Amino acid sequence: MGKSREDASSKADRKLEKKVQFYSKVRDTVSVLNAQKSITKKKKLRSRQKKLKAYDLSTLTDFLPELKSPQQSKPVAEFKLNSKSRQKLVLKEGKQLSVVLNHPAFQADPLGSIHQHLLSTQPVAEEKPKKKMNKNGGKKVKGKKSKSLTTPQSMDF
């Protein structure tokens with residue numbers, strides 16, 4: 001009825017062998033995944049370098065005067081584009097840049113023409129009255145408003 005010691009030891013050996021095989025498969029899989037990860041990192045680095053070359057605006061700096069105090073610029077949001085639309089965009093923007101650089105108003109006064117362009121293209125910012133603050137620096141509360149509003153209100157941004 002009982003199992004002999006040899007059967008028990010061979011069963012333990014088989015279990016151990018299975019575990020060793022499993023761990024070797026896991027180790028191989030991890031090494032393959034790490035290799036794939038390093039390849040994709042290299043591809044991403046190459047594409048980033050290509051993007052930097054595509055958006056080279058060094059010719060623009062020849063026309064712009066040096067600023068006395070450097071200003072911090074906010075990062076521009078990147079849009080995900082496929083390669084064909086990106087190439088079209090780069091060509092279009094390159095043509096536009098050359099047109100701007102060759103424009104006599106820009107050559108005469110670069111900063112003034114950029115300022116004038118921004119004034120004509122940007123919407124007028126409406127001045128909103130500042131809300132009153134209490135002594136602590138918090139906003140003044142005039143009273144509790146009811147949760148249900150009678151008229152819908154629009155959100156201005």
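1. A quick word on terms: helices (H or I, at least four residues) and strands (E, at least two) are DSSP runs, numbered from the N terminus. On that basis the elements of the protein run α-α-α-α-α from the N terminus on, which comes to five helices and zero strands.

2. Bear in mind that this is a predicted model, where local features need pLDDT of at least 70, side-chain atom pairs count only at pLDDT 80 or more, and totals for chains, interfaces and linings use all residues. Residues are numbered from 1 along each chain as its sequence is written, and side-chain values use heavy atoms, with hydrogens and water left out.

3. On confidence: pLDDT (the predictor's confidence in each residue, from 0 to 100) averages 76 over the protein, and 61% of the residues score at least 70. Helix α4 (residues 104-108) has the highest mean, 90, and helix α2 (residues 58-63) the lowest, 71. Where pLDDT is low, the predicted coordinates should not be read in detail.

4. How much of the protein is buried (under 20% relative accessible area; exposed is over 50%, partly exposed in between; 1.4 Å probe, protein chains only)? Buried residues make up 3% of the 157 residues. The protein exposes about 16,500 Å² (Shrake-Rupley method, 1.4 Å probe; for residues, only the protein chains shown count as cover), and carbon and sulfur atoms supply 58% of that area.

5. Now contacts, meaning heavy atoms within 4.5 Å. Of those with a separation of 6 or more, 62% are between residues 24 or more positions apart.

6. Have a look at helix α1 (residues 5-54), where Tyr23 lies. Tyr23 counts as exposed because its relative accessible area is 52%. Together with Phe22, Val26 and Val30, Tyr23 makes a nonpolar surface patch of about 390 Å².

7. Then there is Ser98, in helix α3 (residues 83-102). Its relative accessibility is 34%, so Ser98 counts as partly exposed. Ser98 and Leu60 are 38 residues apart in sequence, with 9.5 Å between their C-alpha atoms.

Definitions and conventions
Patch = residues over 30% accessible without salt bridge, like charges linked within 9 Å, V, L, I, M, F, W, Y side chains within 5 Å. Salt bridge = Lys/Arg side-chain N within 4 Å of Asp/Glu carboxyl O.
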